[in-house]
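Subject: Structure handover

Hello,

Here is the structure I promised to pass on. Please open it alongside these notes.

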Amino acid sequence: MYPTFRILLLLVVLLPLAAAVVLPLCGRAARRVALLVSLLHLGVTAAVVLGALQALALRGEHVLPGRDVTSYQLFQPEFVPGDPGVGGAGDGATGRTRWTLLSLTDAPVDKPGPHVQFFIGVDGLNVWLVALCSVMMVPAILASWVAATDRPGGFYGWMFLLQGGAVGAFLSFDVILFYVFFELTLIPAFFLIGGWGAGSGRRDAARKFFLYTLAGSLLTLVGVIGVVLTNPDPRSGAITFSLPDLMMNVQRGLDLAFGEFLSGNPGPLAAKQDLQFWLFVCLMAGFMVKVPVWPFHTWLPAAYNEAPVGVTVLLSALLAKLGTFGILRFVLPLTPDAAVAYGLPAVGTLAAFGIVYGAFCAYGQRDVKLMIAYSSLSHLGFLVLGLFAFNTEGLSGAVLHMVNHGVSTGAMFALLAFLLDRYRTTDMRQFGGLMGRYPGFAFLAFVLALASIGLPGLNNFVSEMLMLAGLYDARIPGMHRPGLAVVAAVGILLSAWYMLTMLQRVFFNPLREPPATGPQTPTDLTRHELLAFGGLAALCLLLGLFPQTLIGPMKADVAALDAIGDLARDRVAGRRPDLGPPPSLNTTGPTGPAPKGKGGGEPKGKGGGPKGGGGMPPPASPKGE
Amino acid sequence: MSDPLGLALTILGLLLAATVLTALLSGNAAVRTFVIALASPKAAAQFALRSELTINPLLVRAAHWPLIVACGASAVLAVQLLLTVAAAGDSVRFVSDPLTWFEAGKLKASFTFVVDPLSSIMLAMITFIATWIAIFSSGYMRDEHHRPDRGYVRYFAVMSLFVFSMCGLVLANNFLLLVGFWEGVGLCSYLLIGYYYDKPSAAAAARKAFLVTRLGDTGFILGIFLLWTLGGWHTDLTALFDHIQKNPPDTAALTTACLLIFCGAVGKSAQFPLYVWLPDAMEGPTPVSALIHAATMVTAGVYLVARCAPLFALVPDAQAVVAWIGGITAILAAFIALAQTDLKRVLAYSTVSQLGYMFLALGTMGAVAPVFAVTAAMFHLFTHAFFKALLFLASGSVMHAMGGVIDMRRFSGLRKVMPVTHLTFLCGAAALAGLPLLSGFWSKDMVLEALQLGAEGSHPHAGSFYLLLLVALVTAGMTAFYTFRAYFLTFWGEVRTPEEAGHHAHESPAVMTVPLLVLAVGAVGVGIVAEPFTHWFSGFLGHTPALQLAGRLAGAADVAHHFNWGLAGVSTLLALGGVGVAYMAYGTGGPERVPAPLEPVYALSRNKLYVDEIYYALVVKPAEWLAFMARVFDLFLDSLARLLAAVPRFVGNWVRPIQNGLVQFYALSMALGLAVFLSFVVFRISR
């Protein structure tokens, strides 16, 4: 069974890429083929997710000891194609791959070392995002069903490339591979906005989007390379591109330095934290643009507004999540001390400001599409806060919110296709009283709008409550977390303000509608619209009623990050980790088999052990108090 | 079946089934697909792809049956539940096993319900009142059959959801679950107030109701999480209260948490300063107003504070805030009600005022025994539900007969035209005014007594209870006056009807008058039966474990309810005085003449103290201005980003002339550069 899932997982990435190649050849039939492929992809993903749920359920609450050489908390991907082991979890699977794309050394490829690998896998953090990529593709295609008549082959081809890039990035466990997929999404997005956009500003919007995100992500590349170079294996000095190995190296290095710190030598730790600060800045540069976090959001309204609505669905549901996922996958585990020290105070403040700012901007818009675009800024600010709370509640909530926001906001955008197909406009001032004209459409719009304002029973409520709880869990001294929680709660209130105002303008009041595009009077939801949007609305309710289905499988990986966060908090506060919480790294030490790189309970300095040839910069002014 | 939890869950299930069943009758294909999708996505997909999407209009006309049957059955079950709980003896509480909703780290939300005297009495009240309102609605909303968009089904589906949410709210034993039902109630009120969606005033009122209550809910949610951190990371009410009892947290933090929780109650129960949504909420169909004002929605806030008595009992400052907010609201709303010309608006402000009374009683929680304070508040809530539902339904009957007109200046003398409505309205008005022996009299007396006892006690804020007692008495007089002003203006004098009513304005059909009669009996008799001589109500409610816990925490002695002749006499005098003044001024049925010296006061009351205008200037306008400024600033940010992006191009333009292709120029610049460099080096060395 297990090896089958590896093939299926490979298909999840390769199917969209293959479709991207094939679709341009299909001509007029492209949209049917595209729908078929997206449904096929949905099936494959469903199989992978079901398999992953079983594999993840085996892990339980804590990361199983015995999977790795030390007891460090790691990401442990499942279903890795090219895994040298044959069986399933605990049955020989190593969670590593042999498929090396590029090796920077003459050493054998199957030993850990500086190899860029095709290393993909599923774990608790990405499984639902991959599912999201697959689920949202169907409404994205159906939302373009009528509108995308110009060169449909190319259009759907680029759409699948976009999806493939996003799926690949979510699945990657190799930092370079991640970066390649991460950047790959830019190209299709650029052509889709610039080539198929509706308005006159589409070229400008596409250029701005491309340059802005590229400028940010080039800094991220610097950050990624920096992390790799400065965190070699403390024993062998070899650098690695594998994310789990890199995590371990970072933890080991910090442990050693913290050992020194506790025995009275603060130099190494200060140096490490100082370095982390710069790496944090570089990594965050790209992710903050991609999310986006205020004030790096100015590409967003133009891009979301100018893109064809199906593309906007993908942009908001998938691409925005790449940024937050980058924070989750890279920033938190690779620069934990900086994430603790600067995450909430600096980035969190910007994000909190963005929550309120985005809400006010959304209220000020006259176009529904732009309003939802700005509401994304507001919601994702909340998500960033949840991530940097760096504890179980906040992280679970944030991962869940990535899915929830993807579904509800993506569905909102998709639903706009209804208006665009009939009237070619989404200007609020031209509509009124649609509740009587289109009761079906109105019902779906109400469900999605209420989901977006966090009505309990619908999906966003759960993740927002979890993130709020994460912000309350004040474990860092001197952090204004309740203040951020208040801002976040006010953000929920403001979201109700602009959403209900939109509903009032468009669906209440006497009937008012602009001239229709076609000769015949437009009718209520057609069957394919009902299927696409109604399914998403029902999904919102199901996710809101049974969220534990999603939270359960991510427990082990969230616990790993939470443990990293706890250790980082101790280091930043400069206190001895005397608490022994069960998932903590230090207490699980004795249970791990033959810990090679690490002493038992207390992080003892390994006699100023080798810090490797990675080039430690000289300690500058001590930061990270 | 005598298992209390089973009964309670059956009630919830019945109401939910009614919602689903009504939704399935909807002419809206999206609604039906949605409902089917929850049961089976596959069936929904098939339905969406294959089935006929329209529905038989005859089925639509039966849309009221699920609600009526479910409510009626629930009311019967609720009475049985009441008897079961009463038979179970002292300190009885049934908590259902928690079923996880979501859980991560220390936050755990679960589906868990509690049945105790407090929740069972609420449940009985809600389902009983809702049954009669549902029956009345089926008559009142009959005209909606003819509307093309089939609002009839929408109305009854949302009503079912409304009653379901309210029942869930009083049964929930987990704060996040409670928030779920709490917001569900808010959503249903939003949809029902905005029922006439093509009416701009209704649309605005619906949004206002949702947003203003949401403002309070923001505080509520923040309060819940603060309690979560203080109360050992519990969100289950029973566990949280037990934890707080064993480990009392810092008083300042607990006061903050209680006040934040109280924010939610202020919003939902329409207290000052968030009461502004309730008077506008009458834009919905009149039975909806009856439901909102009597049984559901506004009672949620009172219930919440009563339920959280173990927390509020610990913090005297929070109690004082509750009492003061209640007092201010009571007198303010009564003042505004004095000069309203819209019959429903008078009733709406009287609801706000009476809710203030309930919070006055709750505020004395620490000064008298919490059991007594909560009993007074809940008893007033209980009797108020009867007469306020009655008054609203009666005014709905008037509105129905008057062709949608509810302005008291345009009709009078209706007692001859609508005898049943007149009689029942009189019962309700007399009960609201607190005329002796009617139900409002007994409950109001209990509130006044709680205040008096609080003032005599040793509470740190005992002094303010004296003042609040005075406020409550003045309010009582004003209540009697404005209630009977509305009564005389509507039913006395010569017969006048507006032209919208047609030529033969007549009494409403039996389906509407029977509920009026039933509720009138309740409004007259429920008070005297339940409390003053039998002490059933206080005895029953006194068995609530949460209230007993609160009593132990507050350390106040148990107070037996004894009839207070002095207070009762004063309040009787005030009520009769109010009625008398109203008769002198309006006994002829209008038109209204205001004595010249009272003109400014009248205008102030008529214009609702200009509160809406003040809010518009202080909150709405600035928010809109901020939104505009945010938009402008966003353009500025965008141009800033463009400016930064233009720097490379600008630099490129600037240095481009250097690349002019002239070899001589390159040679010259090389030579010059070398010279500068060399001279620099020489200069450095020679120093």
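Start with helix α13 of chain A, residues 368–389. The helix has 22 residues and spans 32 Å from its first C-alpha to its last, close to the 32 Å expected at 1.5 Å a residue. Bear in mind that this is a predicted model. α13(A) is mostly covered, with 22 of its 22 residues buried. Just after α13(A) comes A:F390, with a positive phi of about 55°.

Now helix α11 of chain B, residues 251–268. This one has 18 residues and reaches 26 Å between its first and last C-alpha, close to the 26 Å expected at 1.5 Å a residue. Of those 18 residues in α11(B), 13 are buried, so the helix is largely enclosed by the rest of the structure. Just after α11(B), B:A270 has a positive phi of about 55°. The loop between α11 and α12 (277–280) of chain B also holds B:P273. A cis peptide bond joins B:F272 to B:P273, with omega about 5°.

Chain A has a cis peptide bond too, between A:V291 and A:P292, where omega is about -5°. Look for A:P292 in the loop between α9 (267–290) and α10 (299–306) of chain A.

Chain A overall: 21 helices and two strands. Of its 625 residues, 64% count as buried. Take the contacts in chain A between residues at least 6 apart in sequence: 79% of them join residues at least 24 apart.

One helix pair in chain A deserves a look. Helix α2 (residues 30–59) and helix α4 (residues 152–171) pack at an angle of about 20°, and their axes are 9 Å apart. α2(A) and α4(A) are therefore roughly parallel to each other. On the α2(A) side, the residues are A:A30, A:R31, A:A34 and A:V37; they meet A:P152, A:G153, A:Y156 and A:F160 in α4(A). By type, this contact has six nonpolar residues, one polar and one charged.

Next, the contact between the chains. Chain B puts in 51 residues and chain A 58. On the chain B side, α2 (29–39), α3 (41–49), β2 (99–104), α8 (175–193), α9 (200–230) and α28 (611–655) each supply at least two residues. α9(B) gives the most, with 13 residues. The side of chain B that touches chain A divides into 32 nonpolar, nine polar and 10 charged residues.

Then the core. The largest nonpolar core has 501 residues, and B:L362, B:A389 and B:L390 touch the most other members. Helix α18 of chain B (residues 370–401) contributes the largest share of this core, 22 residues. What does B:L362 touch, leaving out residues up to four places away in sequence? The list is B:V302, B:V305, B:A306, B:V322, B:A373, B:V374 and B:A377.

Two further backbone points in chain B. B:H535 is not a glycine, yet its phi is positive, near 55°. B:H535 is in the loop between α23 (510–530) and α24 (536–541). B:H535 has 14 C-beta neighbours inside 10 Å, so it counts as partly exposed. B:L609 is not a glycine either, and has a positive phi of about 60°. Find B:L609 in the loop between α27 (599–606) and α28 of chain B. With 14 C-beta neighbours inside 10 Å, B:L609 also counts as partly exposed.

Best wishes

Terms used: Residues numbered from 1 in each chain as written. Chains lettered and ligands numbered in written order. Predicted model: local features only at pLDDT ≥ 70, side-chain atom pairs only at ≥ 80, totals over all residues. Contact = placed C-beta atoms within 7 Å. Helix = DSSP H or I, 4+ residues; strand = E, 2+ residues; numbered from the N terminus. Nonpolar A, V, L, I, M, F, W, Y, C, P; charged D, E, K, R; others polar. Buried ≥ 20, exposed ≤ 12 C-beta atoms within 10 Å, placed from the backbone. Core = buried A, V, L, I, M, F, W, Y, C linked by C-beta atoms within 7 Å. Axes fitted to C-alpha atoms, helices over the stretch in contact; angles between N-to-C directions. Parallel < 35°, antiparallel > 145°, perpendicular 65-115°, else oblique. Expected span 1.5 Å × (residues − 1).
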